[in-house]
Each structure stands twice: as structure tokens, then as C-alpha cells.
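Hello,

I am passing a structure on to you, as promised. Please open it beside this email and follow along as you read.

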Amino acid sequence: MKLLNIISFIVGLSCFHSSYGESLLWLEDGSRSQPKVRAHLEDHNKKTQQWLNQATPLSNALVKTWSESQSVKAPTPWLIQYQNYYHDQVIKGERFVVKKTAEDSPIECLVNISVRQQQSDYYQLANWAVAKGDRFIALSEDLTGEEHYTLTLVDRVSKQEIVLSQSATTQAIWSENGQYLYFWAAEESRSSSLLQRYDVLSKQTKTLWEWADPQWIVSLYLAADPHFALVQVNNENSSEQRILKTNSSHLSLPLRAAQPGIEYYADVANGWLYINSNFNGKFALYRRLLSMNENPWQLFYAPDDHSTLDNFYLYQAGVVVKTNQAQHSQLAIMDQHGKLRASQPLATESEVAWVSRNGDWQSNKLRVRSMSMVSAGVWREFDVASLQWKRLGQDHYPAYLPEQYESQQIVVDVDGVAIPVTLAYRKDTLSAQSSVFLYGYGAYGVTMRPYFMPQVISLLDQGVIYAIAHVRGGGYHGELWHRAGSGILKKIGISDFLNVASSLQHFNNGQRAIYAIGGSAGGTLVAAAVNQNPALFAGVVLQVPFVDVLRSMSAEDSSSLSVQQREEWGDPSQPLQRSAIEAYDPLLNIQAKPYPPTLVRVGWFDNRVPYWEGAKYIEKMSMMSTGSGPYLLWTDFNSGHSSDSRKALQQQAVEYAFLLTIDKNKKAEQ
């Protein structure tokens, strides 16, 4: 599958300067060692906390509500590997990687994750992989929030641990015989990536291959046949893969040399190589015998003219292909010869659904998670052999009554283009004055799924309408939708967001205040929209926002910027594209206008969007705005781009309480 490099550059010093930024450059402390900078941010935290004191009872009440309404979660399906079952779950308050030998057999705890978590102020377990025989477990962990992953090998027999890399990707895979662990790691200067193999018998690490182009993303994954793995490099619109024989470490030549605009993603099972590729113009599924390297790829499945091929899954009983048409997904189940056996919808029209935590090739188990904004999540399992669905369970919230809530899909017309909006509200609390919390992202072709979240339900209970704007630049209608709002056309997605906000002011004949929320690349969208029409928004929350676009994209160290990032945001070295960036850059375009109350949260160790972007944004807004604010900055000194899971609920509660307090004060003044 294609991996995305989403704002993953470490911003270096730039040759770009202008009057707006020169006075704020002192905030850019890449070493995180300047006392003056830290003291300044800590002072902001104190001021922010002083203002938030009035919202503390509300944020505490939200956390209490969320904690007390904890669901009876439908058990997440177990991973099936080598006829054993593996999971990462909480038992008596502690988190473990666990195993069982059959569905109804006793659980064996393999590694205590909670003990490891307690050793760090920040902790994220990104991935884990158990070797055949269960003696060795590889753990990929972020211990600082900088998204620098430490790969540790745990020996359950000797009780020893070995740190294999402190600069690994999150993926690590085992050979079929359990002797070798394969992983990608950055070499010391981080200018290239090394495919490495650790041998548990010799206790030696060997480099198998080096990829020297930092603008490409490296990855690897096990094939359906665990004797093989696929080693992949890809950028925005091309890919290249090699086959790795896991027991011998033999790495093949590329299946097809990388070519701009051509992508392919392969898998191996039962002696066949299957390839999902667009080399003939549209993605379709091809195959050839694995042993026949020179044979052409033969068409196995092609979607109809109205659908796109999204992914495929190989099983002993057949091949499952997932296709998309707008936001509706279908599963096509075929036998090994390509004959269609059945076609199944992935979910109902009102739901979002995705394939996750599948069983291995022998299991014939495909798993689906589905939900809507007002219906709790369901796990289902499809048996590829019998063509039967099995409901594994649904999340249950004892106090939640789904009939009290409504979810709608509406469209907002923008110059003849229908912009989809997903929204939800509680029927008996909806009034003509109910405010709207509007979320937007609009970048990298990512679709923001309308998940069911108790946190959002608590907003609906207070009379809020929660909405997601699926603007151009995102992926709601596929790659063309993404391209229509990226690069030199980034302003299109911003215009979409403004039009959606304006329309929602009068949703259902109401007079509604609009509160905007955006994170990371979504921060660019929201902040740029606010610059254009600050009076349209009653309040704003920006989470680790990417707001200093021109300076970041003008970094002297251009090797840190991928082709994908330039295609997404624009290339400042090209005059026309530079002008487009200058027109929407959130920090550059702050003006003397009455900006709405704004809360910005940043992470001290953030290497995707460094803390100073949000800090400079609030600093300039505070100086320029003719409004009364408040303009608040909160720096989490123990996190990076992502929040520590132990703090996430509290942080979300503070953000919601900020907006709800602004809304309450605003309505009290009317």
C-alpha cells in the first residue's frame, strides 16, 4: 500500500525572510535548549491556564462524563498468525501483548506494556511483532514524542532486551522460521535508509540494502505467504517493490522499475504474484506465476467504469477485492481462477467502514469495522470460504440512546461543485441558536471519517451541531478531489471551508455561531479561512497547526522536502506557486482585523510541525488583532505531534471547554 509523508519534514533554517517573521525568528529553537524560549512558552502556559480556570469545571465535567460512560467495547478481533491468536489488550488495568492458541483457550501474557509506559513521560507503542515460537518480540516505541522510533528486541527466555535501532520505522517483520527480524532504519546522518536484518542466533545485524533518496518513503510488509515479504519505496505517484525471501534473506530485483505516475502494490500466495497497478491507466489487479519472472502481468480483475480498485486480500479460499464508488465500498470475492463468487457491500449507506485486523491466508477471515457519527462501532467477520458474515460484537454505551440523535449528509454548492458535509446533532437539544463545531482537514487526499466518539456525543448533548467539511484537497471523492485543492489550487479547499461555514450559519433555518477546529494540515485550512473572514467564526482551536508554510517550504535543506510535500503545498522556487503560497499562508496573512478567540496547542518535541509555528502565529495574532481575544497558546513539553494517550482525553476536554465557554459567554451577552 502507498504510504503518505504527511508534513514529516524537520524544518531547517530558511533563506526566506520578511518583515512579518524577522522579529519572531528567535522563537525557533531547533535544539530546544534556549532558556529564553522555554521561559516565554511557560509564561504563555501560565496565562492560558489563568484564562482556562473559568472553563476548568466544564473540562473536568467532560472528562468525568467520558470516563463514566466508558463503553463495553466489542472485543477487537485477534490477529491470527501461525494458527495462534495475538492481541494487545488491557487486563486488570495493565496493558499486555497477549497470546492464546485457540479462540476459547486461556490467555498468556507475553510482554507488559504498562511497565514500559511508566518509564517515560511520553510513550507510544507504534507496533509489535511476535516471532514464530513466541520467544522473541520486537517493539517499536516512541519515547519522546519526536516520532523517532526505538526498535527493541525482547527475549522472553533470557529476559534480556536489545535495542536494535533508535531511528527505525514503525514496521518490523519476522522471517517465517523466526530467525531473522527485518526492519528499515535511518543511517547516522539520516540522509539514507538501511534495510537491516537481525539474526537472533548470531546476534548480528546486517545491512541488506541502502536507499539513498530521502524524498521517497521506505516500508516493508509480510506477504500472505510468510516465506515472502515486499520491500517498498514510494513517493506521491510512483512506487517500486522487491520480493524478500524471509528465510534466506534473498532480495530480488525490482518487480518493475520506478516510473513517474505508475504505482503498483504486490502480494504473494500459493505460488502466484498478485499486483494492484495503474500501469495501464486505471488501477486493476494483475497476476503472474511467482517463478516466471519474465512473464507479463495478466489481468485478473478490473473494476467497472464507475468504481476504483482500492485494495485486495489473498486467502486460501480465494481473492477479495475492495472497490470504491464515491463513499460506498464493495467487496468482490473471487476464486483462484478469477471467477466472481459473490459481491458484498462493505457497510450500509449511512456508515463508514474499513477492513482491519484480518486473519492470515489460512484463516480465510476478513474483518470489517463500521460505525456512523451516531451509531457505535461494530466488528464483523467475513468467511471467504463460506461467504458468510459473522457479527463479532458492537460497542455498547449503557446510557446512550441512538434514537435521540440524527446524522445527516448535506452538500454546499460552491460554484456548481457540491461540497459534502457530514453533521450530527441531538434532536431534542437542537434549536435555532445551536452553535456549530466545524472540523476541517483538506490535505494529502485524506478523508476524515465520521467516527462515533463519546466526546462528540457529549457536545451534541449540550445542543451543539458537530460537522465535518469534506473540502477539496481531501480524499472524499478520490484523487481528483485531492488534486482539485492541492498545490497551486490550495485556495480552493480554503474557499470550500468558508462556504461551508457560511452555509451552516443558517442550517435548518437557524442563526448559528460557527466554531472551527483544525489540526496539523487542517490547521492550515482553518487558519487561512479565518484570515479571509475572521468575523465568520466565533472561536477557533488549532492543534499543532502548520501555519508558517512559505518559510517551511523554503527551507535551505531542500532534501528534507519530498515531491509529495511540494505537490501538496506548492514549490516556492517557482514564481507562480510561490505567489499561490503567499496568498494563503496563515502566518503571512494575519492582518489588523478582529480575530475570534483562539486556542493553539503545540508539542515541544514536534518534528512534523515544530512548536514555533503555533507560537509565532499566536504572537503575531496578539499583536495585530483588533479583537478582544483571548489568543491563547499551550505548549505540551512532554509530547510531539501526537498526544500521549494518557493525556489525550484531558487535552480534548480543555479544547471543547474553551469553545463551549466562549459560546456561553457570547450568548450571555446577546
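Across the interface of domain 1 and domain 4, the rule finds zero salt bridges. Please keep in mind that this is a predicted model.

Let me step back to the overall layout. The protein chain is divided into four parts: domain 1 (42-69 + 518-548 + 587-604 + 611-669), domain 2 (72-212), domain 3 (305-395) and domain 4 (405-512). Taken over C-alpha atoms, the centres of domain 1 and domain 4 are 19 Å apart. Their contact takes 23 residues from domain 1 and 26 residues from domain 4.

How is the size of an interface often given? The usual figure is the accessible area lost when the parts come together. For domain 1 and domain 4, the buried area is about 1,900 Å², and carbon and sulfur atoms give 72% of that.

On the side of domain 1 that touches domain 4, helix H3 (56-68), strand E32 (514-519), helix H8 (521-532) and helix H13 (648-669) each supply at least two residues. The residues of that side divide into 14 nonpolar, seven polar and two charged.

**A helix to look at: H5**

Is helix H5 (residues 454-461) largely enclosed or open? Six of its eight residues are buried, so H5 is largely enclosed by the rest of the structure. The buried residues are Gln455, Val456, Ile457, Ser458, Leu459 and Leu460. After H5 comes Gly463, with a positive phi near 90°.

Gln117 is found in helix H4 (residues 113-117). Is Gln117 buried or exposed? Its relative accessible area is 12%, and buried means under 20%, so Gln117 counts as buried. Which residues does Gln117 touch, leaving aside its neighbours within four places in sequence? Gln117 is in contact with Tyr123, Ser645 and Arg646.

Enjoy exploring, and write back with any questions!

Best wishes

Definitions and conventions: Residues are numbered from 1 along each chain as its sequence is written. This is a predicted model: local features need pLDDT of at least 70, side-chain atom pairs count only at pLDDT 80 or more; totals for chains, interfaces and linings use all residues. Side-chain values use heavy atoms; hydrogens and water are left out. Domain bounds come from an automatic or database domain assignment. Contact means heavy atoms within 4.5 Å. Buried area is the accessible area (1.4 Å probe) that two parts lose on being put together, summed over both. A salt bridge is a side-chain nitrogen of Lys or Arg within 4 Å of a carboxyl oxygen of Asp or Glu. Helices (H or I, at least four residues) and strands (E, at least two) are DSSP runs, numbered from the N terminus. Ala, Val, Leu, Ile, Met, Phe, Trp, Tyr, Cys and Pro count as nonpolar, Asp, Glu, Lys and Arg as charged, and the others, Gly among them, as polar. Buried means under 20% relative accessible area, exposed over 50%, partly exposed in between (1.4 Å probe, protein chains only).
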